[in-house]
Amino acid sequence: LLQEIVDLSKKSFNLYHAHIYLMNQTGDTLELASGAGEVGRTMAAQGLSIPLDREQSLVARAARTHEGVVVNDVTQDANCLPNPLLPKTRAEMAVPMIVAGKVLGVLDVQSETIGRFTSVDVNIQTTLASQIAVALENARSFENTQKQAEQETKLNLITQKIQQADTIEKAMQIAARELGNALGKRKTTVSLDTKTLRTEQE
């Protein structure tokens, strides 16, 4: 989804470059998720990230302020740090991707032309960023639902196997083995409180 968005954005708006940063789980760093073209893929593969509190970053500033940020001549702005892989960047715009008041990431677009971005461009890209945020949130919700369903299915299968055991020892062996497999652990131990078991049996 994100790769298609940045590639289409670059082409549709005749941009030099476009990429998307996503907020990490702790909410203190923006991580490059996708970039247009081969350059963008190279940058994403490098695992680039930007601390939210970094002053010399339009991306971080857009996330902090929840507003679109434009610099129409990056060569004259000390807060713009040029990327060696994008030497022709002359103007840059970053807009936050927000849903339900929460910043999910930032859409950053760049141009080879000084003075390229206007308030109209900010409005257009802000609308696009909002739509991306909604699509991203929906995709995450769907993914979480799928994972939960898979976990419940695994748990039901483990429960069935345990219930089929004819001794406590076998039940515990099955529990240890199956839970270890489900959790991807090489070693799993199940402990039995014999005192509690004896009380319940009495």
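A residue counts as buried when its relative accessible area is under 20%. I settled that cut-off before opening the model, which is a predicted one.

**Entry 1. Thr 29**

I started with Thr 29. Buried or exposed? I read a relative accessible area of 17% for Thr 29, so this residue is buried. I then looked up where it sits. Thr 29 belongs to strand S2, which spans residues 29-35. Next I checked its side chain for polar partners. The side chains of Thr 29 and Asp 28 make a polar contact of 3.1 Å. I listed its other neighbours, leaving out residues up to four places away in sequence. Thr 29 touches Leu 22, Met 23 and Asn 24 on one stretch of sequence, and Ser 49, Ile 50, Pro 51 and Leu 52 on another.

**Entry 2. Strand S2 and its partners**

I moved from the residue to the strand. How many residues of S2 are buried? I noted 5 of the 7, so S2 is mostly covered. Then I looked for the strands that pair with S2. Strand S1, residues 17-23, pairs with S2 in the antiparallel sense, over 5 bridges. Within this pairing I picked out Tyr 21, which stands opposite Leu 32 of S2. S1 and S2 form a hairpin with 5 residues between the strands.

Which residue of S3 is the bridge partner of Glu 31? I found Ser 49. Ser 49 is also on the contact list of Thr 29.

**Entry 3. Salt bridges**

I looked up the salt bridges next. The count came to 4.

Asp 7 and Arg 41 form one of them, with the closest N and O atoms 3.5 Å apart. I checked where the two residues lie. Asp 7 is in helix H1 (residues 2-12) and Arg 41 is in helix H2 (residues 37-45), so this pair ties together parts that are 34 residues apart in sequence. I also looked at how open each end is. Asp 7 is partly exposed, at 27% relative accessibility. Arg 41 is partly exposed as well, at 37%.

Glu 55 and Arg 64 meet in another salt bridge, at 3.8 Å from N to O. Glu 55 has 54% relative accessibility, so I put it down as exposed. Arg 64 has a relative accessible area of 33%, and I put it down as partly exposed.

Asp 166 pairs with Lys 170, and their closest N and O atoms are 3.3 Å apart. Asp 166 is exposed, at 60% relative accessibility. Lys 170 is partly exposed, at 43%.

**Entry 4. Gln 110**

I went to another strand. Gln 110 lies in S6, which covers residues 102-111. I read a relative accessible area of 5% for Gln 110, so it is buried. Which side chain makes a polar contact with the side chain of Gln 110? It is that of Asp 108, at 2.9 Å. I then took down the neighbours of Gln 110, again without residues up to four places away in sequence. They include Leu 15, Tyr 16, His 17 and His 19. Leu 86, Thr 89, Ala 91, Glu 92 and Phe 117 are on the list as well.

**Entry 5. The whole chain**

I finished with the overall picture. I counted 6 helices and 6 strands. From the N terminus on, the order is α-β-β-α-β-α-β-β-β-α-α-α. Why call the chain more spread out than a compact globule? Its radius of gyration is 25 Å, well over the 17 Å that the globule rule gives for 202 residues, so the chain is more spread out than such a globule. I also took the box that the C-alpha atoms fill along the principal axes, which is roughly 85 × 30 × 30 Å. Buried residues make up 34% of the 202. Of the contacts with a separation of 6 or more, 52% come from residues 24 or more positions apart.

Last, I looked up the confidence. The chain averages a pLDDT of 86, and 91% of the residues score at least 70. Over residues 197-202 the pLDDT is below 50. I noted 2 contacts in the model for this stretch, beyond near neighbours in sequence.

Note on methods:
Residues are numbered from 1 along each chain as its sequence is written. This is a predicted model: local features need pLDDT of at least 70, side-chain atom pairs count only at pLDDT 80 or more; totals for chains, interfaces and linings use all residues. Side-chain values use heavy atoms; hydrogens and water are left out. Helices (H or I, at least four residues) and strands (E, at least two) are DSSP runs, numbered from the N terminus. Buried means under 20% relative accessible area, exposed over 50%, partly exposed in between (1.4 Å probe, protein chains only). A polar contact is a pair of N or O atoms within 3.5 Å; within protein, one must be able to donate a hydrogen and the other to accept it, and residues adjacent in sequence count only if both atoms are side-chain atoms. Contact means heavy atoms within 4.5 Å. Two strands pair if DSSP finds at least two bridges between them. A salt bridge is a side-chain nitrogen of Lys or Arg within 4 Å of a carboxyl oxygen of Asp or Glu. pLDDT is the predictor's confidence in each residue, from 0 to 100. The radius of gyration is taken over C-alpha atoms; the globule rule is 2.2 Å times the number of residues to the power 0.38.
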